[in-house]
Amino acid sequence: MKALIFTAAALAAAPVAAQDLQGRNLAAACAICHGTEGRAPSRDLVPIAGMPRDYLVKQMIDFRDGKRPATVMHQIAKGYTDPQIDALAAWFAAQKR
Amino acid sequence: MKRRDFIKLAGAVSLAGCASSVPSKARVVVVGGGFGGATAAKYIRLWAPSLDVVLVERESSFTSCPISNLVLAGYSSMQEISHGYDALRRHGVQVVRDEAVAIDAAKKTVRLGRGGDIAYERLIVSPGIDFNFGEIQGYESAMNAGRVLHAWQAGAQTVALRQQLEQMRDGGVYVLSIPLAPYRCPPGPYERASMVAAYFKQAKPRSKVLVLDANPDVTSKAGLFKAAWKDLYSGILEYRGSSKAIGVDAATMTVKLEVEDVKGDVLNVVPPHRAGNIAMQAGLITTNNRWCDVDWRTMESKKVPGIHVLGDATLSAPGMPKSGSMANNHAKIAAAAITAALGGRGAGPEPKIINTCYSFVSQKEAIRVSSVHEWDAGQGTLIAVKGSGGVSAARSEAEGTYAWNWARTIWADSLA
């Protein structure tokens with residue numbers, strides 16, 4: 001038990017990987033509409049924290065390609081490259097709901 | 001994270017007993033608790049809980065400019081657009097209610113209005129706007145007499161303008177004067193004109209809204225605003241471009257333009273603005289005596305190292321509006337850069353941020369504009385990503401619902 005606690009503490013103190021920082025920083029911009037860390041304060045908004053990575057990637061690409069109808073996300077998604085979408089999706093998928 | 005030098009707290013009366021207990025922490029001081037400053041304080045604590053964050057704000061609560069135009073129409077209330085700072089305290093932000101009156105960039109201290117200096121490792125200045133009253137002759141005395149209002153900083157003037165609209169006789173004229181761009185919230189004046197027109201249509205149908213725009217045409221969402229005005233407020237709302245106010249006369253309730261004088265019953269004249277006063281005092285202004293140029297990768301001042309400037313006070317990047325969404329995003333760029341620097345890491349990846357602004361055109365219907373901005377090394381600034389962004393297909397009640405959701409979410413993201 002003690003060992004487990006030490007492991008957790010070590011992980012918490014570990015430097016954040018550059019890849020995670022990219023996802024975190026990109027994701028922070030989404031918070032104005034989807035809530036801090038993707039946890040929306042209202043049920044009317046889509047809470048994206050903890051959604052599966054593959055699902056998020058597909059939605060963003062479908063928005064970007066006009067395959068999924070949208071009021072705003074089709075215009076936002078066009079601003080992102082495939083690697084950026086993947087970094088975003090990976091970061092949101094790793095957040096607790 | 002490497003151990004920091006002990007931070008000098010001598011004279012910081014307001015902080016005595018709270019901040020000095022952990023002297024080994026690096027301290028970030030944030031001046032101004034609006035969309036920029038509040039978000040920066042919160043996100044620095046989220047991303048680097050080991051840092052000491054002090055927010056200096058002169059008001060006891062935040063009053064949102066977004067949605068404040070609905071207060072003018074009676075569709076929202078001051079209570080609804082006001083938010084306290086207690087939630088930031090729960091994030092570990094020390095909120096000091098005082099005014100930052102001077103900054104010493106060499107000593108790295110902020111002087112407080114009630115006395116005392118706070119030392120900082122990094123400083124964030126998010127001062128919003130102040131006005132160049134002198135550009136409109138007679139403005140300050142007319143404003144001080146309550147005869148002309150801007151209500152372009154939500155608060156007491158929002159309440160006063162609502163009262164004037166309520167007291168105005170049916171058949172009266174409300175005059176809204178808009179300064180030349182750049183100004184805070186490009187679509188804001190046109191939303192305001194729409195909201196006042198909606199109120200008149202319902203409560204004082206013989207009254208008029210007269211928009212005097214210094215700009216040649218509507219500066220944001222022009223097609224959508226003009227369609228709404230034609231469909232909903234024909235005979236109530238009149239728009240005149242290239243109509244710059246150069247003076248006001250409180251005695252005759254007149255706005256003086258370059259070529260003619262216009263009389264009204266309620267005069268809502270928004271003067272040209274500039275970065276807030278503390279930015280001027282601290283020597284952060286770089287451009288036209290008005291705005292603060294920054295390195296968009298970090299939000300650090302191009303003039304004073306160690307000081308990051310956020311929000312409406314910045315010299316806007318090309319195509320970037322002065323908006324709450326942008327100030328909130330500026331804060332996250334600064335938070336990423338500062339937590340990286342104080343944590344001994346290199347700068348993070350280059351920033352990419354999103355703007356989204358909703359405007360109401362009637363009680364329930366809204367329109368929207370969005371854009372995505374990214375770092376362009378060649379131009380050395382943030383630019384709108386080609387092919388991204390745009391406006392609503394049409395005004396709708398669905399966009400109105402999204403507008404409220406946006407407001408509640410950004411308030412929470414910034415302050416809760």
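This is a predicted model: local features need pLDDT of at least 70, side-chain atom pairs count only at pLDDT 80 or more; totals for chains, interfaces and linings use all residues.
View 1. Salt bridges between chain A and chain B, by contrast, number zero.

**View 2. The side of chain A that touches chain B.** Three helices of chain A, namely α2 (18-28), α3 (31-34) and α5 (73-77), each supply at least two residues of the side that touches chain B. The most is given by α2(A), which contributes six residues to that side of chain A. By residue type, the side of chain A that touches chain B divides into 13 nonpolar, ten polar and four charged residues.

**View 3. Extent of the interface between chain A and chain B.** Across the interface, 27 residues of chain A are in contact with 34 residues of chain B. Together chain A and chain B bury about 2,600 Å² between them, and 61% of this area lies on carbon and sulfur atoms. Of the area that chain A buries against chain B, 26% is supplied by R24(A), I32(A) and Q75(A), which is more than any other three residues supply.

**View 4. Helix α11 of chain B and its N-terminal cap.** The N-terminal end of α11(B) is capped by S396(B), a side-chain oxygen of which lies 3.5 Å from the backbone nitrogen of A398(B).

Definitions and conventions. Residues are numbered from 1 along each chain as its sequence is written. Chains are lettered from A and ligands numbered from 1 in the order in which they are written. Side-chain values use heavy atoms; hydrogens and water are left out. A polar contact is a pair of N or O atoms within 3.5 Å; within protein, one must be able to donate a hydrogen and the other to accept it, and residues adjacent in sequence count only if both atoms are side-chain atoms. Helices (H or I, at least four residues) and strands (E, at least two) are DSSP runs, numbered from the N terminus. Contact means heavy atoms within 4.5 Å. Buried area is the accessible area (1.4 Å probe) that two parts lose on being put together, summed over both. A salt bridge is a side-chain nitrogen of Lys or Arg within 4 Å of a carboxyl oxygen of Asp or Glu. Ala, Val, Leu, Ile, Met, Phe, Trp, Tyr, Cys and Pro count as nonpolar, Asp, Glu, Lys and Arg as charged, and the others, Gly among them, as polar.
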